[in-house]
Amino acid sequence: MNAGISMTSGIVVEPWILLSFCAAIFFIGLMGVLIRRNILIIIMSIELMLNAVNLTFVSLSGPLQDMGGQMAVFFIIVVAGVGSAVGLGLVIAMFRTLRSVDTDDIQVLKG
Amino acid sequence: MLALIPLLPLLGFLINGLWYASVQLRGGKALSAQTSGLIATGTIGTSFLLGLVLFFQLGSLPEESRAIETTLFSWISVGTLNIPLAFRLDALNALFVLVITGIGSLIHIFTIGYMAHDEAPAKFFAYLNLFCAFMLVLVLGSSLPVLFLGWEGVGLCSYLLISYWYTDPDKASAGKKAFIVNRIGDLGFLLGMFLIFTTFGTLDFAALKEVVAQTTPSAHIVTIICVLLFVGCTGKSAQLPLFVWLPDAMAGPTPVSALIHAATMVTSGIYLVSRVSFLYTLSHDAMMLMAVVGGVTALFAATIAVAQNDIKKVLAYSTVSQLGLMFLACGVGSFGAGIFHVITHACFKGLMFLGAGSVIHGMHEEQDIMKMGGLRHHMPKTFLVFAAGWLAICGIPPFSGFFSKDEVLWHAYSSSHGGTFLWALGALTALLTAFYMTRLFVLVFLGHSRSKEHAHESSAVMVVPLQILAVLATTAGLIGIPHLSWLGHWLMPIVGHVHLREGVAESSEWVFMISSTIVAAGGIAAAFAVYSNLKTAEGLRARFKTIHTVLANKWYVDEFYEALFVKPIAAISDFLWKFFDVKIIDKIVLSFGTVTNQSGALARGIQTGSTQLYAFMMLVGFVSIVGYTLYGIFQ
């Protein structure tokens, strides 16, 4: 791997900075999923996690000379789009029946 | 062609049975008695014709190689045991095949009329055909296991047909009784079969005969084998002590009583002992036991028949008694006479049962002979054919029963296994037989009508088979005229000669013929004297009240068995149920359930229903696994 990632402007960015940035976004998303009770926010947090991964792929595909990373990103974007479409559909259905988007209201499947 | 004989009735069973099961039971149309009866009679009738063809083919073969064999497939093959499903027709079972299919066809035709108003004639005919198929497997089987297959099959059909009207609890339990009592006998049969295999190493009859002829088996083992097989016969052929099921079996429809419980199935015991007669002749003790059991059963059942009032019960006890005579004949070494009596008995007892069926049908299901009387005016045709059966069973010459019964009695006296005691048993039975049969005949057909019911003659479809049977019952004895016996000659290669005792002259047979005619005539005369005037009969009954009560209650055998076997077994079962089952086995099984329940109750706390908590748990798990792995890498 090169010492850094050259941007178009000529600035070289150290990889750990980018990776830390992505990890931070990923964990923000993860915490959002785990902690927030509003289901819309949870879906947004999931998107956040997915895009953190996308960012990692893209940023590392250059230095690794591997287009596979960028390929994967397209797939992930498509799947994520489909996922959120389905998820939002479910949210609408949930809101229609419960008049609520709070996950605490959908805990009926308990033992 | 040989395999077709049992397969055709099986085909008839499949057609009628499948129609009943897949059409009628699903609300479809029921086959009429005519259609289903035609299918059933057609198949068994074709079997009869095939049987006739093969019979003559057999007759054209030289005497020493008189057997036709066919193998269908290898049935059981384990180690040295190799049992093909094979049939072998020889001089002995050819006769049985003709009796089963011939009498069977006539009874099938009769049934068309008798079951005309039944709800499911297809079911009835299917059972009848299945019975015929199994019975033919029984007699045609080339080895003991194949015979046993048929043996069990006819037991099953007997059960199904006795409890045909299963909505009546009495009839259903009569079927169960027949099945269970037969199972007791079957145990003896099975043990005997196992012992034969361990002793001789083969179960095929022909091979067995050769092995027995070549080796000299210990008389001890042979006696045990013969006694065990005879236990099987006492069950199937209703001998003491296992005869109790046969009188109860009369709960079934009358054609069933005629076909299964008089003409064919109950004679399979005689067939079995004749089939393995080469074993029995080696064991004097087993022969003695068979003769004594047969003779005692004959007399015992005849005494009961004297005091019964149900027309079918009289005939049933008469059947037990006649079967006893057959075993008496086999027991004194005269298997030929036993089989001769099987054939004539099938004709005249089949006739009498069907005649009784015709009477019952004409009297609107009345079976009590005290309520009949004077039927000769209302049912002249039935009267005439029944008279032929009556004279035949009483043993009046030249009717068929005379010849066969005379041969049995003569050999009971003259054979090297026989003696005066056995002859006396037989002669006394013959006397009683003539007496109770005449009693039945007088009470049913002669005198004045004692019923308000208006009896009517049965239709032609029922009367014609009766007339054919009446001709047979009259003439069947001609195949076994003493000294000119075609039957004796025909069976000789299989069952051998009867060895006469020392000091018994062949010519004295004539004395016995005359004396047995006198005995029969005496019985008939006595019964006429008593029953032509019912007041005399009442007076006699009052005088011998104790004896009459004991006889009418069948010597209390059923009550005795009830107290000795049924009640204790029921008590033990009750104890095992309430103590062992409920308190021990159920406890153990239920405790498994309790443990599962309680551990489940503990574990269910984890399931909160909150998806996010699950996700958190996943995270924790993931982190721990990754952490553990990394720890391992950096270690």
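Visitor: In which handedness does α15(B) pass α18(B)?
Guide: Keep in mind that this is a predicted model. The two helices are α15, residues 335-362 of chain B, and α18, residues 400-414 of chain B. As α15(B) passes α18(B), the crossing is left-handed.

Visitor: Are α15(B) and α18(B) roughly parallel or antiparallel?
Guide: Their axes come within 9 Å and cross at roughly 155°. Angles over 145 degrees count as roughly antiparallel. That makes α15(B), relative to α18(B), roughly antiparallel.

Visitor: Which residues of α18(B) does α15(B) meet?
Guide: On the α15(B) side, the residues are A337(B), F340(B), H341(B), T344(B), C347(B) and F348(B). By class, the residues of this contact split into five nonpolar, six polar and two charged. The partners in α18(B) are S400(B), G401(B), S404(B), K405(B), E407(B), V408(B) and H411(B).

Visitor: How many residues of α11(B) are buried?
Guide: Helix α11 of chain B runs over residues 268-275 and is mostly covered. Its buried residues include I270(B), Y271(B), L272(B) and R275(B).

Visitor: Is T319(B) buried or exposed?
Guide: T319(B) has its place in helix α14, residues 311-331 of chain B. A residue is buried if 20 or more other C-beta atoms lie within 10 Å of its own. T319(B) has 29 of them within 10 Å, so it counts as buried.

Visitor: How far apart in space are T319(B) and L246(B)?
Guide: Setting aside neighbours within four places in sequence, T319(B) is in contact with L246(B), H261(B), A262(B), V266(B) and K349(B). L246(B) lies 73 residues from T319(B) in sequence. In space, C-alpha to C-alpha, the distance is 8.7 Å.

Visitor: What share of the residues of chain B count as buried?
Guide: Chain B has 26 helices and two strands, and its C-alpha atoms fill a box of roughly 115 × 65 × 50 Å along the principal axes. Among its contacts with a separation of 6 or more, 81% are between residues 24 or more positions apart. Of its 635 residues, the buried share is 50%.

Visitor: Now over to the other chain. How many residues of chain A are in contact with chain B?
Guide: Chain B brings nine residues to this contact. That side of chain B divides into two nonpolar, six polar and one charged. On chain A, the number is eight.

Visitor: How far apart are the end C-alpha atoms of α3(A)?
Guide: Helix α3 of chain A covers residues 68-98, which is 31 residues. At 1.5 Å a residue it should span 45 Å, and the model agrees with that. The end C-alpha atoms are 44 Å apart.

Visitor: How many residues of α3(A) are buried, and which residue follows the helix?
Guide: α3(A) is hardly covered, and its count of buried residues is zero. The residue that follows α3(A) has a positive phi, near 60°. That residue is R99(A).

Visitor: How many nonpolar residues does the contact of α2(A) with α3(A) have?
Guide: Helix α2 of chain A, residues 39-61, packs with α3(A) at about 180°, the axes being 10 Å apart. The two are therefore roughly antiparallel. Residues that meet include L40(A), I43(A) and L50(A) from α2(A), and V73(A), I76(A) and L88(A) from α3(A). Alongside six polar and one charged, the nonpolar residues number 16.

Notes. Residues numbered from 1 in each chain as written. Chains lettered and ligands numbered in written order. Predicted model: local features only at pLDDT ≥ 70, side-chain atom pairs only at ≥ 80, totals over all residues. Axes fitted to C-alpha atoms, helices over the stretch in contact; angles between N-to-C directions. Helix = DSSP H or I, 4+ residues; strand = E, 2+ residues; numbered from the N terminus. Parallel < 35°, antiparallel > 145°, perpendicular 65-115°, else oblique. Left-handed = near helix turned anticlockwise from the far one by under 90°. Contact = placed C-beta atoms within 7 Å. Nonpolar A, V, L, I, M, F, W, Y, C, P; charged D, E, K, R; others polar. Expected span 1.5 Å × (residues − 1). Buried ≥ 20, exposed ≤ 12 C-beta atoms within 10 Å, placed from the backbone.
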